[in-house]
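Biologist: Hi! Could you open the model and talk me through it?

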Amino acid sequence: MPELPEVEAVRRALRRIVSGKRIRRVRVVHAIAVRPQGAREIRRAAGQRIRGIERRGKYLLLKLEKGWLALHFRLDGQVLWFAGEQPKSHACVIFELARGSLGFVDPRHLGRVHYYRRQEECAGLRRLGMEPLSAEFTAEQLQAMLRQSRRPLKVFLMDQTRIAGLGNIYSSEALWRAGLNPWGHADEVKPEEARRVHKAIVEVLRAALECCLDPPPDFRNPQWWFQGLEAILGVYGREGKPCRRCGAIIQRITQAGRSTYFCPKCQRQPGGSTQSAKETGP
Ligand SMILES: [Zn+2]
């Protein structure tokens, strides 16, 4: 699932292809991709020039002359570029530009494309919390937010209304890097631990973004997806394998319906306790 680094890499690469171009026609092939809006709303984008591309959390935002297109990829939605009359296989929504088309593709039909006159009309965008790679996201800010929550750390980090753009993969990774147990309560995190979590979040997102940009996204290839990300992952998807830091066996647990990977030995409970995750887990 694309999180902040993947969507940001898409934004930077797509900007070069579509910025300044006029949308000639909009085709909604699968209406489910624009729900709860209808094809009529999305077609308002037709005739408008793409002024720029922005990102908020996991949303990709196309700034048009009179409105915004908000794309959310959910599990495995993606954007593809189709040159000329090339068949636009599997595209759910197609934006025809002068020399090609931008397609929103999602075979699972979970991703969404919406049109808004103003960003504020999008409830999902309105609720988003801090951008973790912005200057406003400091260790002190994170500590203040942690103090207000009793939730398990992993669930806290995935809450888009607190920190925008951190999903299942990079929240697991940040806690592994910080050496903190995903079940630990947010409000028990000490200042020194909060600094470690802050540093871990920023570092893992930066490393992932760098990886996502090299090689850059290839929107012309339907098989394209980000490569080489496993190399920067310390814990995610590594159940049963030895921890890269201490050698203990990585475990997988379910939190809020999602898989959390963690090391039961070197990821400690917050608050300075030395209890292992196994002793205090669910
Ligand atoms: Zn370990």
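Modeller: Happy to; we can go through confidence, the core, the aromatic rings and one proline. This is a predicted model, where local features need pLDDT of at least 70, side-chain atom pairs count only at pLDDT 80 or more, and totals for chains, interfaces and linings use all residues. Residues are numbered from 1 along each chain as its sequence is written, and side-chain values use heavy atoms, with hydrogens and water left out.

Biologist: What pLDDT does the protein chain average?

Modeller: The average is 94, and 96% of the residues score at least 70. pLDDT is the predictor's confidence in each residue, from 0 to 100.

Biologist: And where does pLDDT stay under 50?

Modeller: Over residues 274-282, for which the model has 12 contacts beyond four places in sequence. Contact means heavy atoms within 4.5 Å. Where pLDDT is low, the predicted coordinates should not be read in detail.

Biologist: What is L69 in contact with?

Modeller: Leaving aside neighbours within four places in sequence, its partners include I23, A45, F95, V113 and Y115.

Biologist: Switching to rings: how many aromatic pairs does the structure hold?

Modeller: Six. Rings of Phe, Tyr and Trp (its six-membered ring) pair if their centres lie within 6.5 Å; planes under 30 degrees apart count as stacked, over 60 as edge-to-face and the rest as tilted. The W224 and W225 pair is tilted, because the planes are at 55°, with ring centres 5.3 Å apart. W224 and F226 pair edge-to-face, 5.0 Å centre to centre and 70° between the planes.

Biologist: Is W225 buried or partly exposed?

Modeller: Partly exposed, at 32% relative accessibility, whereas W224 is buried at 7%.

Biologist: Last one: where is P264?

Modeller: P264 is in the loop between β10 (258-262) and α8 (277-280). P264 counts as buried because its relative accessibility is 13%. Its C-alpha atom is 7.8 Å from that of N181, 83 residues apart along the chain.

Definitions and conventions. Helices (H or I, at least four residues) and strands (E, at least two) are DSSP runs, numbered from the N terminus. Buried means under 20% relative accessible area, exposed over 50%, partly exposed in between (1.4 Å probe, protein chains only).
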